[in-house]
Amino acid sequence: MVKDNSCKHIAIIMDGNGRWAKKRGMPRTFGHKKGAENVVNITRAMKESGVKYLTLYAFSTENWQRSEDEVKALMDLLREYLDKEFKEIMDNNVKLVFIGERYMLSDDIREKIEYLEKTSKDNSDLTLCIALSYGSRHEIVNATKNIAKAYANREISLDDITFDLISNNLYTRDIPDPDILIRTSGEQRISNYLLWQLAYTELFFTNTLWPDFNKDELMAIIEQFNNRERRYGKN
Ligand code: IPE
Ligand code: IPE
Ligand code: MG
């Protein structure tokens, strides 16, 4: 049995904020607030686990279709998170990166994330990648356009189009593929997340709603991952 289970990268679909709030008779935005607070807890736990990359699905390109009020509340929470957590991020030697369709974001948020990326770029204990206005199909279309342009300009030939070239044209070019994907809230789907990058990722689904997902459950998943056999198509 071949085991190659050093986990470098965990990707999470943080789902279930709305249901968490509904269960308590509260508005969905209250769930998002609790969900944002939990990002801080899980980032701390990740640092302790020694896993080097964490990618969090915070807002999908499809989430722009939610009600105006909910989108506004989510963007306000994001602003608050970015302002409030920046000190903790720097103190903990965390490098912050963002993946997604930046042109859809408001100017102030785009400027903020560019500033945070620039300021934290030399931090090295953990890379926290936030998928924001992110859709994997958009990412793949974008990569395809870049590659087509390079081909049309005769910078590359057809034989240069390889797995690596495609990976290097994705927003995740500097990040290894995830070893573990976790989706909370009981849904068992990918929802346009990292479609290319998840080719051989181990999948974990939990019924826990995101605001309740904690360090113990994270550690239990890493432990289960360590006991899984990854085969990559081989026998
Ligand atoms: C995840 O929680 C957060 C975002 C998608 C922004 P949801 O808002 O999807 O919560 P549910 O799935 O409705 O419970
Ligand atoms: C996926 O959750 C996106 C995020 C967690 C940010 P959704 O709640 O938007 O996904 P669907 O609609 O259930 O597939
Ligand atoms: Mg959801």
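This is a predicted model: local features need pLDDT of at least 70, side-chain atom pairs count only at pLDDT 80 or more; totals for chains, interfaces and linings use all residues.

Biologist: Which residues come nearest to ligand 1?

Modeller: A residue counts as near when one of its heavy atoms lies within 4 Å of the molecule. Here there are 13 residues around ligand 1, and Asp15, Gly18, Arg19, Arg28 and Arg66 come nearest.

Biologist: Which parts of the chain supply the shell around ligand 1?

Modeller: At least two residues each come from helix 1 (17-23), helix 2 (28-49) and helix 3 (68-91). Helix 1 gives the largest share, three residues. Sorted by class, this shell holds three nonpolar, five polar and five charged residues.

Biologist: What polar contacts does ligand 1 have with glycine 18, arginine 19 and arginine 66?

Modeller: A polar contact is a pair of N or O atoms within 3.5 Å. In the case of glycine 18, the atom is a backbone N or O, 2.9 Å from an oxygen atom of ligand 1. Arginine 19 uses a polar side-chain atom, 2.8 Å from an oxygen atom of the ligand. Arginine 66 likewise places a polar side-chain atom 2.7 Å from an oxygen atom of ligand 1.

Biologist: How much of the surface of ligand 1 does the protein bury?

Modeller: Ligand 1 taken alone exposes 380 Å², and the protein buries 86% of that. The space that ligand 1 takes is the largest pocket.

Biologist: Let us turn to the other ligand. Which residues surround ligand 2?

Modeller: Among them are Ile13, Asp15, Tyr57, Phe59, Arg66, Arg183 and Arg189. Strand 2 (residues 53-60) contributes the largest share of this shell, three residues. By class, the shell around ligand 2 divides into five nonpolar, two polar and four charged residues.

Biologist: Which side chains make polar contacts with oxygen atoms of ligand 2?

Modeller: One is aspartate 15, with a polar side-chain atom 3.2 Å from an oxygen atom of ligand 2. Another is arginine 183, where an N or O atom of the side chain is 3.3 Å from a ligand oxygen. For arginine 189, the separation between a polar side-chain atom and an oxygen atom of ligand 2 is 2.8 Å. Taken alone, ligand 2 exposes 390 Å², of which the protein buries 77%. The space taken by ligand 2 is the largest pocket.

Key:
Residues are numbered from 1 along each chain as its sequence is written. Chains are lettered from A and ligands numbered from 1 in the order in which they are written. Side-chain values use heavy atoms; hydrogens and water are left out. A polar contact is a pair of N or O atoms within 3.5 Å; within protein, one must be able to donate a hydrogen and the other to accept it, and residues adjacent in sequence count only if both atoms are side-chain atoms. Accessible areas come from the Shrake-Rupley method with a 1.4 Å probe; for residues, only the protein chains shown count as cover. On a 1 Å grid over the protein atoms alone, a cavity is a set of points where a 1.4 Å probe fits but cannot get out, and a pocket is an open set with protein on both sides within 12 Å along at least five of seven lines; lining residues have an atom within 4 Å of a point. A molecule sits in a cavity or pocket if more than half of its atoms lie within 2 Å of its grid points. Helices (H or I, at least four residues) and strands (E, at least two) are DSSP runs, numbered from the N terminus. Ala, Val, Leu, Ile, Met, Phe, Trp, Tyr, Cys and Pro count as nonpolar, Asp, Glu, Lys and Arg as charged, and the others, Gly among them, as polar.
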